[in-house]
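Colleague: I have a model open and want to learn how to read its contacts. Can we go through it step by step?

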Amino acid sequence: MPPTSQMDTRPAHVVFMDWLRKNNLKLTPQRSLILELFLEASDHITPEGMFHQARERDGAIGAATVYRTLKLLAKSGVAREILFDDGIMHYELLHGVKHHDHIICTRCGKRAEVMDPAIEHLQDELAADYGFKLKDHKMFLYGLCEQCRNGSNH
């Protein structure tokens with residue numbers, strides 16, 4: 001079963017603005033910029049990476065503002081926090097995105113987003129065998145990508 005944020009058909013920026021309003025927070029120009037950059041991102045983003053992008057557009061923006069805003073995006077259901085084995089928090093778009101899992105190269109860090117209905121079904125069955133109903137899950141598969149197995153440089 002997908003998280004409820006994925007069932008919401010409103011655009012992500014509307015979901016975030018509504019969440020801010022419900023929590024008595026304002027959509028500041030800095031938050032608006034970070035939201036815009038986050039929604040434009042094509043891959044998982046780290047707070048540091050977001051900070052560098054935001055600084056290119058607004059030299060006065062602080063790292064703490066970026067970190068706090070990414071946390072707010074996650075609390076609102078627009079983003080998901082993911083801690084890969086590099087020990088750095090990454091953020092990916094959650095709102096309006098279909099569930100997926102991750103395959104990660106342990107040598108170069110290359111990642112692929114994957115989804116297999118058979119695996120999803122098996123996870124539901126496994127949960128049911130133990131008396132659970134899955135609400136959400138994260139699965140990370142680790143291995144070597146084709147380039148690293150062949151000794152190719154990326």
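Colleague: Is Glu-36 buried, partly exposed or exposed?

Modeller: Keep in mind that this model is predicted. Buried means under 20% relative accessible area, and exposed means over 50%. Glu-36 comes out at 35%, so Glu-36 counts as partly exposed.

Colleague: Which residue forms a salt bridge with Glu-36?

Modeller: For a salt bridge, look for a side-chain nitrogen of Lys or Arg within 4 Å of a carboxyl oxygen of Asp or Glu. Here the partner is Arg-57, with the closest N and O atoms 2.6 Å apart. Arg-57 lies in helix α4 and Glu-36 in helix α3, so the pair ties together parts 21 residues apart in sequence. Arg-57 is partly exposed too, at 47%.

Colleague: How many salt bridges are there by this rule?

Modeller: The count is 6. One of them joins Arg-80 and Asp-136, at 2.7 Å from N to O. Arg-80 sits in strand β1 and Asp-136 in the loop between α6 and β5, so this pair links parts 56 residues apart in sequence. Arg-80 is buried at 8%, whereas Asp-136 is partly exposed at 36%.

Colleague: Which residues do shared partners join into one network?

Modeller: Arg-10, Asp-18 and Arg-21. Between Arg-10 and Asp-18, the closest N and O atoms are 2.4 Å apart.

Colleague: At what angle do α3 and α5 pack?

Modeller: About 65°, with their axes 10 Å apart. The crossing is right-handed. Residues that meet there include Ile-34 and Phe-38 in α3, and Val-66 and Leu-70 in α5. The contact residues divide into 7 nonpolar, 3 polar and 1 charged.

Methods:
Residues are numbered from 1 along each chain as its sequence is written. This is a predicted model: local features need pLDDT of at least 70, side-chain atom pairs count only at pLDDT 80 or more; totals for chains, interfaces and linings use all residues. Side-chain values use heavy atoms; hydrogens and water are left out. Axes are lines fitted to C-alpha atoms, for helices over the stretch in contact, and angles run from 0 to 180 degrees between N-to-C directions. Helices (H or I, at least four residues) and strands (E, at least two) are DSSP runs, numbered from the N terminus. A crossing is left-handed if the near helix is turned anticlockwise from the far one by less than a right angle, and right-handed if clockwise. Contact means heavy atoms within 4.5 Å. Ala, Val, Leu, Ile, Met, Phe, Trp, Tyr, Cys and Pro count as nonpolar, Asp, Glu, Lys and Arg as charged, and the others, Gly among them, as polar. Buried means under 20% relative accessible area, exposed over 50%, partly exposed in between (1.4 Å probe, protein chains only).
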